[in-house]
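Please examine the sequence and the 3D structure shown here before reading on.

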Amino acid sequence: SGYEELGEPMEAHAPVEDWIEFYGSPDRMPSMKSSGPWPVDGNVGGLYKFENVCVTNNIDAPKPPGLDTTSRGLLYFTNQKSMAKNPKRCVPCSKPAMDSRIEDRWDATSDSDSDLGHRCGMKGLHAMFASSVEDYNDCMADSENHKTMIRARQNQSTTHAKQIRYFEEPTLLLQFDAHDREHSLFDTLLTYLPHWHKWRSDYEGVPFQSVISHSVEGCLKHSRNWFCELTHQIQAFGYARELQWERKDTTLYCYKSLYYNQLEYQRDLNHEGLVTKAVMDDFRDELFRNFVLTAPRDMSEVWKKDAQLGMKRPLNIALYANGENGWKDLDKLISSTRSMKKYQGVEFNLIDNFDDLTVAEQATAFNLADAVVMATGRHESDHFANVIFSPDESFFAEVGCSSHSLTGNRHFMALLLGTHRSVTKCAEQHAGEEICVSCSSEGSFSMTGIAFQALIDDIMKLQEQKIKFQRDSL
């Protein structure tokens, strides 16, 4: 059906009290005129409000190879004569067409899909137009439109609505990448955080009363899904309740007021002044408290106390090989390095498989590490999103044949006061001690013992500089 289930399975049903209006057939639904999108806060971008719209699910996107759980269609009702004459008014733009636009704006068209004759919408929310639900059904029934949607991988559910559920209470449409921690953080949560930060002292200010998610069902409760558990722990959506949905291809979901958190709005953190250090600190402090993490976010007082007592803590380095197609023989590198006298004060913590760990266990692994050295692989740098659980001024090394990380963004590292280093493929002519990797045709890679020890030396030097700074400030 194209829906995602992660975490504990939940029964999907539609309690009567969740729905304000139910229409048994399209001809019984009153005429609607859509409006929006309106910015929720003109000073904080990324969150918009639509009125009188319906939402469909792209049933192609979640299938391999894309496994995309973020794509929806937005049915926008209009009586414009030019749109009524457009035979492709209900056909959504393709994802490549959306991505090719210079700006991700609702009113932006795409040269790639110019034959559709209408605006494309926003990333993750592909615009479709009709004068009514009956008109939408007729437009979707057109064989040429159906072929266009198949080619563009934009098949929608519902394509023929027999009944409509219409929500009168304001609802947030929650969309995120259910399979990738890093993308759910950068593409969804970083856009939403400034709004959460504004409302967190008074949740009565949250403008929506309900949340509906087709990315993961049951997302507002405790979950094994990383994004859902984080938002649950910080009470990201205030007192809003989660609406459950039926898996009926003939039921269309419509909303009097729909809020949309724009996908990828802050992926590169190029909208400055929104996710500030204060916002990020409050977000992470909330996580540190609620996950009961051992190391505080700010380690400066701990280091000062150690300096006063003359203590020297072991250097904890967490390492991850990322499976068979990742870092070959990392365990052997660790074993040989650990046996050397120079590294007796280093604790190497090799993590076998992050997917076997709960969200709390992932948080603990990053929280206890002074440095994290991770291989990228099939999921790129998915697990690197856990850096939000690391104390300030931690060191992060991304090791692989090429650098994929969103986490390495300099603006993001500045919010964590962190140091990020990319270790990539060796040049043909390189010095033996150069910190780089040799790549195989299968996608795996290896590193020499000399290069590995040089990387550990750099981490030790950086840690010593931080401790010396605190010692000198006494």
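The sections below describe aromatic pairs and then the nonpolar cores.

## Aromatic pairs

This is a predicted model. The count of aromatic pairs in it comes to 20. In one of them, Tyr-192 and Trp-199 have ring centres 6.1 Å apart and planes at 65°, so this pair is edge-to-face, since planes over 60 degrees apart count as such. Tyr-192 and Trp-199 are both buried.

Another pair joins Trp-327 and Phe-452: the ring centres lie 6.1 Å apart with the planes at 75°, so the arrangement is edge-to-face. This pair links distant parts of the chain, 125 residues apart. Trp-327 belongs to the loop between β13 (315–320) and α9 (330–338), whereas Phe-452 is in helix α12 (residues 449–472). Trp-327 counts as buried because its relative accessibility is 3%, and Phe-452 counts as buried at 0%.

## Cluster and charge over a ring

One aromatic cluster is formed by Tyr-192, Trp-199, Phe-208, Phe-237 and Tyr-259. Elsewhere, Arg-119 lies over the face of Tyr-76, at 6.0 Å from the ring centre.

## Nonpolar cores

The largest nonpolar core has 60 residues, and Phe-208, Phe-237 and Phe-389 are among those with the most contacts inside it. Elements that each supply at least two residues of this core include β9 (171–174), α6 (226–233) and α7 (277–290). Helix α5 gives the most, with eight residues.

Phe-237 touches several residues beyond four places away in sequence, including Leu-172, Tyr-192, Phe-208 and Leu-220.

Conventions. Residues are numbered from 1 along each chain as its sequence is written. This is a predicted model: local features need pLDDT of at least 70, side-chain atom pairs count only at pLDDT 80 or more; totals for chains, interfaces and linings use all residues. Side-chain values use heavy atoms; hydrogens and water are left out. Rings of Phe, Tyr and Trp (its six-membered ring) pair if their centres lie within 6.5 Å; planes under 30 degrees apart count as stacked, over 60 as edge-to-face and the rest as tilted. Buried means under 20% relative accessible area, exposed over 50%, partly exposed in between (1.4 Å probe, protein chains only). Helices (H or I, at least four residues) and strands (E, at least two) are DSSP runs, numbered from the N terminus. A charge sits over a ring if NZ of Lys or CZ of Arg is within 6 Å of the ring centre and within 35 degrees of the ring normal. A nonpolar core is a set of buried Ala, Val, Leu, Ile, Met, Phe, Trp, Tyr and Cys residues joined through side-chain atoms within 4.5 Å. Contact means heavy atoms within 4.5 Å.
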